[in-house]
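Work through the exercises below with the structure in view. Each task is followed by its solution.

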Amino acid sequence: MRYNAAPMEGLTDRVWRQTHQHIFGGADRYYAPFISPPENRIPVKKKMDELLPGANPGVPVIPQLLGKDGSCAAWMIGVLRQMGYTEVNLNFGCPSGTVTAKGKGAGMLRDLEALDRFLDTVFEEAGGPISVKTRIGVDKPEEFQAILEVYNRYPLAELIIHPRVMRQLYRGQADRDAFAAALPACHFPVCYNGDITTPQDLAALEAAWPGLSGLMAGRGLIADPALFRRARGGAPASKEELRAYLDGLYTGYTAAFGSAPAAISRMKAFWHECIGLFEGTEKLEKQLKKLREPWEYEVTVNQIFTLPLRR
């Protein structure tokens, strides 16, 4: 069964993908954060640079598209295939209000006729392989039956199901009962995504649904970059590895952004997720949130690394 790294805006870009793969590995695929096909059909260089084959060596990267114009999405899929990508993933799962208000992401699930037209156009003009990442509804999980009927009309390469509804955002628990109920009706390979934070979670899901094509972790993998390795019987992250990983991210973002303060802002998001790997960080966690200068960041990080790791 494949272990997949979920796409997370502002976290799983090429700097993170390269650094994580080099130090920890364990992911069979990295899904890139979504790009929106431009209406003028002129690719945005900054966005496309993220997906240059030379910037993504090693483990396969799957680009993800967010849009509601099927013809424009099909054009973008063509551009990505010219770059060497085969599979492209369509995002019907993002619950962000700024996205769904435009009828994109999980907002597409409000209008199943429009969703059907979108997929019909994409498959007619671009063809496969195309996968989909989805929520199970807008307001309630019972909506997923009708949503799945639409998906089943198309030869999806894979359906990645995050069993929360759009209104939940990331609150509450993923509805694994709803996932289990829908699984027999899926006509394509299915990957599970949601609330995977420990090797035990991965083992339990594999045992419950051995026929899945994959399991996908997002925040759980950012919080513990050795998650997939541990699930395969490997060692937890060592302090030396974590130092190399977080220093590598800081150096990489400083170079990418051309600014250490901008890199620090990005690093705060990573530290927010992974600081729980260390014991006794309460005071330093507050310090991290307030600091702005490179010297402050470096001093605080040095202090964190004097603390013992949780085991």
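This is a predicted model: local features need pLDDT of at least 70, side-chain atom pairs count only at pLDDT 80 or more; totals for chains, interfaces and linings use all residues.

**Exercise 1.** List the buried residues of helix 12 and find what they pack against.

Solution. Buried means under 20% relative accessible area. In helix 12 this holds for Ala-260, Ala-263, Ile-264, Met-267, Phe-270, Trp-271, Glu-273 and Cys-274. An α-helix has 3.6 residues a turn, so residues three or four places apart point the same way. The partners of the buried residues of helix 12 are helix 1 (14–23), helix 9 (219–223), helix 11 (239–257), helix 13 (282–290) and helix 14 (294–304).

**Exercise 2.** Decide whether the radius of gyration of the protein agrees or disagrees with that of a compact globule.

Solution. The protein has 311 residues, and a compact globule of that length would have a radius near 19 Å. The protein has 20 Å, so the two agree. Its C-alpha atoms fill a box of roughly 55 × 45 × 35 Å along the principal axes.

**Exercise 3.** Describe the protein as a whole by its secondary structure, burial, contacts and surface.

Solution. The secondary structure consists of 14 helices and 9 strands. Of the 311 residues, 51% count as buried. Among contacts between residues at least 6 apart in sequence, 74% join residues at least 24 apart.

Key:
Residues are numbered from 1 along each chain as its sequence is written. Side-chain values use heavy atoms; hydrogens and water are left out. Helices (H or I, at least four residues) and strands (E, at least two) are DSSP runs, numbered from the N terminus. The radius of gyration is taken over C-alpha atoms; the globule rule is 2.2 Å times the number of residues to the power 0.38. Buried means under 20% relative accessible area, exposed over 50%, partly exposed in between (1.4 Å probe, protein chains only). Contact means heavy atoms within 4.5 Å. Accessible areas come from the Shrake-Rupley method with a 1.4 Å probe; for residues, only the protein chains shown count as cover.
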